[in-house]
Amino acid sequence: MYKTIHMPPLKKNHPQGDIVRKMFGEIAGKYDLINRLMTFGQDRIWRQCGLGAANMPEGGTMLDAGTGTGAIALDALKNDPSLRIMGADFTVEMMLLGKKKKDGHRITWTAADALALPFKDTCFDAVTSGYLIRNVIDPLRAFKEQARVVKPGGRVVCLETSPPPDGSLKPLLLFFLNRLIPLLGQIVSGNRPAYTYLPKTTQNFVPPKKIAAIMRAAGLTNIRYQRFMFGTIA
């Protein structure tokens, strides 16, 4: 387990990865607040659903990949203080904020590339991630890494955004994504470009059925998904 946060060079360096890391570093201070506002507080419920699906054993080990400020990891500790949790991310600024939160010192924070996790095979009872996969350049490789480090019979849980489904609500959802979220980002964080980029990653990403297919291709089995917030979260 790593005790300090030092970001090594990305294992598979790519200009887009550097851009994304820099962007999340810039919005780190307001990231949690804006998430709370733009999901109307529902993000807590979705995290709990994901942790329920992780089915962690008492005293088990969990990796939260792309942990950011540790929202999922800290919720897991609240649910079960006996857990041993590793939070991994390539944006050090986010993790430094997470360390300052209540019980943040109880998480082991590690700077890591999601495409080359610095952990041995089969060492975690579960791997969780929140809004990670749409920001990596190779989702299949990311899931292969998660499948590699989880124990046989363990679980991989992915909380992600999803493109608005076709239907009568789609125009309203697109207005929310393309107009209101960038405006909210500008008002709260002063960074409109970041909150223009993030909704676009949602619209350009694949639906849950495709994510399930990628997970299956990575060697995972018994895959299921649930949709929230008018189909824009899975």
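This is a short tour of a predicted model, stop by stop. Local features need pLDDT of at least 70 and side-chain atom pairs pLDDT 80 or more, while totals for chains, interfaces and linings use all residues. Residues are numbered from 1 along each chain as its sequence is written, and side-chain values use heavy atoms, with hydrogens and water left out.

**Stop 1: the cavity**

Select Trp 46, Arg 47, Gly 50, Leu 51, Ile 72, Thr 128, Ser 129, Val 157 and Leu 159. They line the largest cavity. A cavity here is a set of points, on a 1 Å grid over the protein atoms alone, where a 1.4 Å probe fits but cannot get out; lining residues have an atom within 4 Å of a point. The structure holds one cavity of 30 Å³ or more. The space in the largest cavity is about 50 Å³, counted as the space filled by probe spheres set on the points, which are joined across faces, edges and corners.

Now colour by element. Helix 2 (43-54), strand 4 (124-130) and strand 5 (150-159) each give two or more residues to the lining. Helix 2 gives the most, with four. Helices (H or I, at least four residues) and strands (E, at least two) are DSSP runs, numbered from the N terminus. By type, the lining has five nonpolar residues, three polar and one charged. Asp, Glu, Lys and Arg count as charged; Ala, Val, Leu, Ile, Met, Phe, Trp, Tyr, Cys and Pro as nonpolar; the others, Gly among them, as polar.

**Stop 2: Thr 128**

Stay on strand 4 and pick Thr 128. Thr 128 is buried, at 2% relative accessible area. Buried means under 20%, exposed over 50%, partly exposed in between (1.4 Å probe, protein chains only).

**Stop 3: helix 6**

Select Leu 180. Helix 6 bends there by about 30°, and Pro 182 follows within four residues. The bend is the angle between axes fitted to the seven residues ending there and the seven starting there. Show Leu 173, Leu 177, Ile 181, Pro 182 and Gly 185, the buried residues of helix 6. Just after the helix, Gly 190 takes a positive phi of about 75°.

**Stop 4: Thr 122**

Go to the loop between strand 3 (108-111) and strand 4, where Thr 122 sits. Thr 122 is not a glycine, yet its phi is positive, about 45°.

Note on methods: 1 Å grid on protein atoms, 1.4 Å probe; cavity = no way out; pocket = protein on both sides within 12 Å on 5 of 7 lines; lining within 4 Å.
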